[in-house]
Amino acid sequence: MIATWYGIVSFMLIVYVALDGRNFGAGMLHWLVARTPEERRQVVAAIGPLWSWHEVWLVGFGGTLVAVFPRLMASAFAGYYLALFLILWCLLLRGISLEVGGHINDRLWQGFWDFVFVFSSFLLAILFGAAAGNLVRGVPLDAQGNFSMAFFTNFSVSGHVGLLDWYTVSVALFAVVILAAHGASYLTLKTEGPVHERSAMWAKYLWVAVVPLFLAISVESWVVRPDLPGRAIHDPVCWLGLLVAIVSAILLISGLLTHREARAFLGSNGLLVGLLATGAGALFPVMLYSTLAPENSLTAYAVVANPRALYLASIWWPVAFVLATTYFVFISLRYAGKVSVKRDTQAFY
Amino acid sequence: MNSNLVDPAFWSRLQFGFTLTYHYLFPQLTMGLAWFLVYWKWRALRTGDEKYNQAVRFWAKIFGLNFAVGVVTGIPMEFQFGTNWADFTRYAGGVIGQTLAMEGMFAFFLESAFVGALIWGEKRLGPRYHFLAALGVALGSWLSAYFILVTNAFMQHPVGFQIEANGSLGIASLRTYLLNPWGWVQFFHNQMAALVTGSFVVPAVGAFYTLRGRHPIQARLYLRAGTLTALVASVLVAFPSGDQQAKMVGRHQPVTLAAMEGKFVGGPMAGVAVIGQPNIAERRLENSIEVPGALSFLAYGTFQSYVHGLEEYPEDTWPDNIELLYYSFHLMITLGSIFILLMAYASFQIWRGRLASSTWLLWVLMLAFPFPYIANTLGWLTAELGRQPWLVYGLFHTRDGYSKVVSNGDTIFTLIGFVGLYFVLGLLFLFLVGREIAHGPDDEVVAGRGQESFV
């Protein structure tokens, strides 16, 4: 039961990354793929009416974390204090830029909100990337399960680490590139005209850049946490994740080469989900690793709520999940098809 | 130096109080306004009268701006349970996590899926689905309110829990927890109060257009629908929901009731102070004019009922800011009473067909809309200050709940960040809403072309 809930909570965060990651990617490429004000409206329209639905996955993740692993939420969120508020403020700026940018048909107004959109998307990709790096590397947890962290200390990956070090910075860089590539694949699928052409070009460059970065990150992760590969080999979830990632990579490559945009984007999603699932499987049962002493690490078994909480959540969570997916499919079908400059940029979408 | 300034719990309380009060300015409008959109959308479907669609298009833009600010200011709230109130989350997360998660999973997914389609998707969805989108958003926002009010009700009157081996709380019965009687009363009271806000804002815009001689058909629609709804909602806020809420406080938090009324000495025939200021140092109510027996009757049903005084309780169980609690409660009651009188008179004038010609009443309706926001805020101040010094009433003190690893400086830094960010956000919001209201509904264009000029 505890492993299942570890899986569900990880699943929610992974879905969030796949869904909102494309919006971060579109935001980071906003100025590169869209040159005229109309094209820029087209990018915003392509993100579509569901960006807040994407963001709810993060909120749902946070709520579910409190319900199932309350002591993890308490330790992690208080420890990541300033980094988390930066994320919240960037999410706020990103949301506002999407909502009000189209309200006034004026170049200066829209240019300003385009800047806010690009800036917050970059910072969000960096911050979420660094956060992922922190989950792998660990944090300076004491014996009481508390930690507080500086932004950076001496950039080493053991002992009293900071939020940023050579490892987490490189994961952040990797996150920027792979989410930009993901966003480019999405924009290729969702737009037509010049934005489509430029997105297709960027998708190719960025996915090529992902390959060496991925190899570097893999080696680095092995150096930082030598125990992880050994654990992953014995975990069927990691094998499944890896399988999904490999199949998705094949789909992605063939989609890119043959200009099958839906296939490429499916592969892009699957690759993100597969890689993150492999990582989540390898980390289990540790949810927060201690860089001070491994025995201080918080495992899922130590931070879990009572069995009744898990049992109750197992009843209502699937119902809510089916309902949420139904709304999503319903709205997505209404907004299916490509976003064009002529038709859809008059209003927001 | 004031001891508050070195107390970490104080800064985390201030930050949570500020961010939550600011956040709630937006949902309180959308929760009320959502039902106006549903109603007009339904009337448009039934009658085919284009004026209802014009009203929906106009108010959907105002709704969208409120909703967007509500979403972006709401997300930090959930995360502050972990960042600033880690020890509270460790203690009670096993219970309140259930509703925090359900709010996200059941309510936010529903709202967020349909809100974009409601605001911008009239053409894409067609009239029937557009009506359903409005309904989905309205239901989602009320469902969200229920889950969050049940969470608050647990902090006011904990039920359905058990104490675990490590001393923290765990869920024992989800049914008992979700059906907390405090939660139902609070939900009814709070939702009616939100409806009051919505139904003051709608006729305020109607009065504004009438006074300027613009959009006559739309203005008449807003004035009628708003004023009549406001009358019903204002009455329901006071009775039965407000009355039941006060009785609930009297039953489960008698020391809070004593503090709300500034009652230091208990006794039968306890009065309600119409005027008066609590003097904590000397333990009495200054300059008080009381209605004798009213409090005994309202709280416990008879004039002879005994109402407890603060002096019957140890001082460390008193709410820690009795003056603010007392003024909040009394000002809320005063405003609520004025709302009923104002809307009863305005409804009477509508019935006589004289509202549009009564210039002074239109001025009052136009300028009255900020007061429900104030009353709602005062109500929440009453609820949350009245709960002190407890975070979970009778079980867990507020002073024990904050995050021990977060320094005061960090909290002050993020608090200042929020103040700055929310100030700019507020200016932006007022500018954009002001612009939409100045532009007004598109009722001059020919029917059927309305959607195309919708930018």
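Predicted model: local features only at pLDDT ≥ 70, side-chain atom pairs only at ≥ 80, totals over all residues.
## A straight helix

How much of α3(B) is covered? Of its 34 residues, 28 are buried, so α3(B) is largely enclosed by the rest of the structure.

## A kinked helix

Now turn to helix α4 of chain B, which runs over residues 86-120. With 35 residues, a straight helix would reach 51 Å at 1.5 Å a residue, but the end C-alpha atoms of α4(B) are only 40 Å apart. If you follow α4(B) in the picture, look for Gly93(B): a kink of about 85° is centred there.

The helix α4(B) is also mostly covered, with 34 of its 35 residues buried.

## Two helices that cross

General idea first: a pair of packed helices is described by the distance between their axes and the angle between those axes. In chain B, take helix α3 (residues 50-83) and helix α8 (residues 216-252): their axes come within 10 Å and cross at roughly 75°. Because of that angle, α3(B) is roughly perpendicular to α8(B).

Which residues make this contact? From α3(B) come Lys51(B), Gln54(B) and Ala55(B), while α8(B) brings Ile217(B), Gln218(B) and Leu221(B). Sorted by class, the contact of α3(B) with α8(B) has three nonpolar, two polar and one charged residues.

## Where the chains touch

Let's move on to the place where chain A and chain B meet. The contact takes 58 residues from chain A and 56 residues from chain B. On the side of chain A that touches chain B, at least two residues each are supplied by α3 (51-68), α4 (70-79), α5 (81-100) and α13 (307-334) of chain A.

What classes do the residues on this side of chain A divide into? There are 40 nonpolar, 14 polar and four charged.

## One residue up close

To finish, zoom in on Thr176(B), found in helix α6 (residues 174-178) of chain B. Is Thr176(B) buried or exposed? Thr176(B) has 12 C-beta neighbours inside 10 Å, so it counts as exposed.

Leaving aside neighbours within four places in sequence, Thr176(B) is in contact with Val159(B) and Gly160(B). Asn376(B) is 200 residues from Thr176(B) along the chain, and the C-alpha atoms of these two residues are separated by 27 Å.

Definitions and conventions
Residues numbered from 1 in each chain as written. Chains lettered and ligands numbered in written order. Helix = DSSP H or I, 4+ residues; strand = E, 2+ residues; numbered from the N terminus. Expected span 1.5 Å × (residues − 1). Bend = angle between axes of the 7 residues up to and from the residue. Buried ≥ 20, exposed ≤ 12 C-beta atoms within 10 Å, placed from the backbone. Contact = placed C-beta atoms within 7 Å. Nonpolar A, V, L, I, M, F, W, Y, C, P; charged D, E, K, R; others polar. Axes fitted to C-alpha atoms, helices over the stretch in contact; angles between N-to-C directions. Parallel < 35°, antiparallel > 145°, perpendicular 65-115°, else oblique.
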